[in-house]
Amino acid sequence: MPRRERPLDEGESGVLRFAADLRRLRERAGSPTYRELSRRAHYSAAALSEAAGGRKLPSLAVTKAYAKACDADPEEWARRWRAVAEAEPHAAEDSPYVGLAMFQPDDAPKFFGRERLTAELLATKNRFTGVFGPSGVGKSSLLRAGLIARTREPVLLFTPGANPVEECALALARLTGGEAIELADELKEPSQLRHRHGHLVVVDQFEELFTLCRNEELRQWLITALTGCRKVVIGIRADYYGHCAQYPELVEALDGSQLLLGPMTPDELRLAITEPATVVGAKVETALLARLMADAVGQAAVLPLLSHALAQTWQHRRGMTLTLAGYEEVGGLDHAVARTAQEVFDALSPAGREQAKRILLRLVTAEDTKRRADHAELEADDEVLFALAAARLVVIDRDGVELAHEALIRGWPTFQGWVEEDRENIKAQRELTLATQTWESLDRDAGALLRGRRLANVPGGLSLNAGERAFLAASLAAEQEVSASARRRTRRQRQLLAALAALVVVAASSTAFALQAGKAADEQRANAAVLGAVGEAAALRSTNPALAQQVALAAYQLVPLPQARNGLRQEDVPSQVLREAQSEVTALVVGPTLQQIATGHRDGTVVLTGLADLPAPRASYDATRHSGAVTALAMDSTGGLVASAGDDGTVHVVDVSLGKPRELPVLPVRAIAIAWQGSTLVTTDEAGTLSFWTDLRRERPRLLTTAQLGLGPLAGLSFRPDGQVLAAVTTGRAVHLVDVTDPRDVKLLSLTREFAGTAQFAGAERLMTTARTAVHLWDTTDPRGPVLRARIPSGGGEVTSAWLGADHVAVATDDGLVRLWRLGAGEPVEQALLRGHAGPVTAVGLTPQGDEVVTGGADRAVRLWNADPRDPAVRICEQAIPRMTREEWEQFFGDLDFTPPCRD
């Protein structure tokens, strides 16, 4: 039964009367549900429901669609709409900022900052254009509110989804008024797309072709159809550039017709902040503008977070002025999204919160990208869905539901925690959903059911919808039918064995039960006491750190639970600022002898800082300068040569063997990543070609050879110390291990299972890769089959940099923290938490001994940290004054035997 519509507010305004008229129109049409209206009108149910909500005047387009869906004259309702619009003052509560959601064509009047790129797209003569950029840089908004809004001819817009043919047909049906099913049949021939639509085609979120679409024939269909159209623009995340390179037609189409979308310039950002407010007669306080510029300049993925923070600040404005106080009240750039999402989530009932979690987890992939789910898959209550949509956390349309932006995944810690906790289940859920859809598309053919190992590997505890439950039940029934005859043949033997086993079990359990029951009760009591003590110790750190550390140590000695182990980390790590740089640190490398470090900066400088322990200030020297930000640094195994790569594509080499830097000839090559193979410097260009350079101290460095891996552009390189195995990171975040013993005959050995942004070897058998919210450690004893040995979580923030040493791993995150982990025979142990940077930590390195950490941050500071390498018990007891008393023990551990962790 559909949920009753909320009564209209009291009053006589034109907007309320207009909403009441729309409701009466729907009643005369037979009171169809908003889902049914959505199907007829090609607008989301949420938009149509909001149109008759009476809180604001709907757009003209929504009004006409509502009227047409109710069999009324759209033009008559357009006239009524204009009469209300002219009589009503502008609604002060309509935010000029769109929040997390992307800008739509109707939002063009408040879309600012991308005028130059919009003009470039409109003026291009290229038949096929690719718009590349990282998530959050504004690709979708540029295509919709920029390009499409200013294109006079009809534009076909869609995203690939799991089935590009169906998505294209649905979009074409909305544009032409045709029937989607008939269009889908017609479009199975790729050339029909050009015949059906001879104007601009825009395919946004093109990466869905690789993340959601699993059918290679459908992928090839879309590529063939698009390359045959008159004019095409695609928007795609930059880290999926390498996937495009696997299709020759795409490579040819994109050759010379690519637009790279980066962060807004300060002037563009200023327009994006101030002009939407100006359009509605508001203004942005000077102090707020200065704060926003400081928070957002130079950050590519910041735009959805900025827009959301401004939308929330609008609700806390003073009169028609957005203020710094309002911005800080909503949590600022870093916390506004989390605050909004958490408030909406907490306002739901317990059942609603559980359903919201289930909905949100169905809208993500295991690779931290968003996906669209249709309404039938979600089986969601409208009230919960509309609550999420009203807060602009999700977007609902007639075809399904999706996250407003992937920034929600990394910007809301609760959601991020769910994803991290359920990552394997999410992967299994996506595979099960796809298998269910395939089964249903084949009229539930028994050949499409899961069998054997695939069925056995489906984890328990998945949240299933009706279709998935039916699919699993059918799979189980089929599996049982296949094995029924075998079970009958062996039933008697099993019964006899079972009877014998039962007798043995009864005899043994009778003897051991009393002992085990007592032991289990003691263990449960101790576990409960330890978990409670760990929580209390964490709360006690700020007021009584000596006691807090003793409680944590005692808890770990009683029961070595992971929660207790992490309470032993050092949090008072001393540090010193080595240098205050002129611009943000973007790269860092520590010399193998700890005599010096090299840092790269956003202004293009590479600076060498000496670490000799002298009374005088530490000396720093400008080593070289790029014309763009430094993107990578590498130091050879002797510590005598430093190589740097920059946004300008150049590779600089500096001789630092004598302490002061001496700049060597710039390499005659364009490169996006670099690494040392012993004394040979290896570079890779945009085509993924490896170049091996030697004789770097001579006037003309010598090119030994080149190699082509066939993986497309590479984002990072790391060689095993013996130089025979290379870890190559593609721009699509895949890590390949490659045999480069003979560079003229390279061999691909394996591919790690986890996506990663960087990779680093340490020793002959250990490889580290970094994902967005975790670091993975691999055993590469056999590089043909790397084995995942450990997964180290980021702790909440997004990993920005990591460094693997002989016995330690340092992990830096964008929340300003660095975690130092100690490696041993078992699981990694968190040794220290480093706090001190005022902003994201952008680069991290370890000294050869592993007990000192060097960090660089967006706050321009370069810091050296001295973590205590000793066993935590030694460190804690050395500082534990006064010692824990019996009364304090009983306060935290009750009647457990008094065993103080530190004795005199």
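Is the crossing of helix 8 and helix 9 left-handed or right-handed? In this predicted model, the crossing of the two helices is right-handed.

**View 1. Packing of helix 8 against helix 9 in the predicted model.** Helix 8 spans residues 164-176 and helix 9 spans residues 180-187. Their axes lie 8 Å apart and form an angle of about 125°. Helix 8 is therefore oblique to helix 9.

**View 2. Residues at the contact of helix 8 with helix 9.** Helix 8 contributes Val 165, Cys 168, Ala 169, Leu 170, Leu 172, Ala 173 and Thr 176. These residues meet Ala 180, Leu 183, Ala 184 and Leu 187 of helix 9. By residue class, the contact comprises 10 nonpolar residues, one polar residue and no charged residue.

**View 3. Gln 205, a residue other than glycine with positive phi.** The phi value of Gln 205 is near 50°. Gln 205 is placed in the loop that runs between strand 3 (200-203) and helix 11 (208-211). Because its relative accessibility is 7%, and the cut-off for burial is under 20%, Gln 205 counts as buried.

**View 4. Arg 860, a non-glycine residue with positive phi.** Phi of Arg 860 is about 75°. The loop holding Arg 860 lies between strand 36 (852-857) and strand 37 (861-866). Arg 860 has a relative accessible area of 40% and is therefore partly exposed.

Terms used
Residues numbered from 1 in each chain as written. Predicted model: local features only at pLDDT ≥ 70, side-chain atom pairs only at ≥ 80, totals over all residues. Heavy atoms only, no water. Axes fitted to C-alpha atoms, helices over the stretch in contact; angles between N-to-C directions. Helix = DSSP H or I, 4+ residues; strand = E, 2+ residues; numbered from the N terminus. Parallel < 35°, antiparallel > 145°, perpendicular 65-115°, else oblique. Left-handed = near helix turned anticlockwise from the far one by under 90°. Contact = heavy atoms within 4.5 Å. Nonpolar A, V, L, I, M, F, W, Y, C, P; charged D, E, K, R; others polar. Buried < 20%, exposed > 50% of the residue type's maximum accessible area, 1.4 Å probe, protein only.
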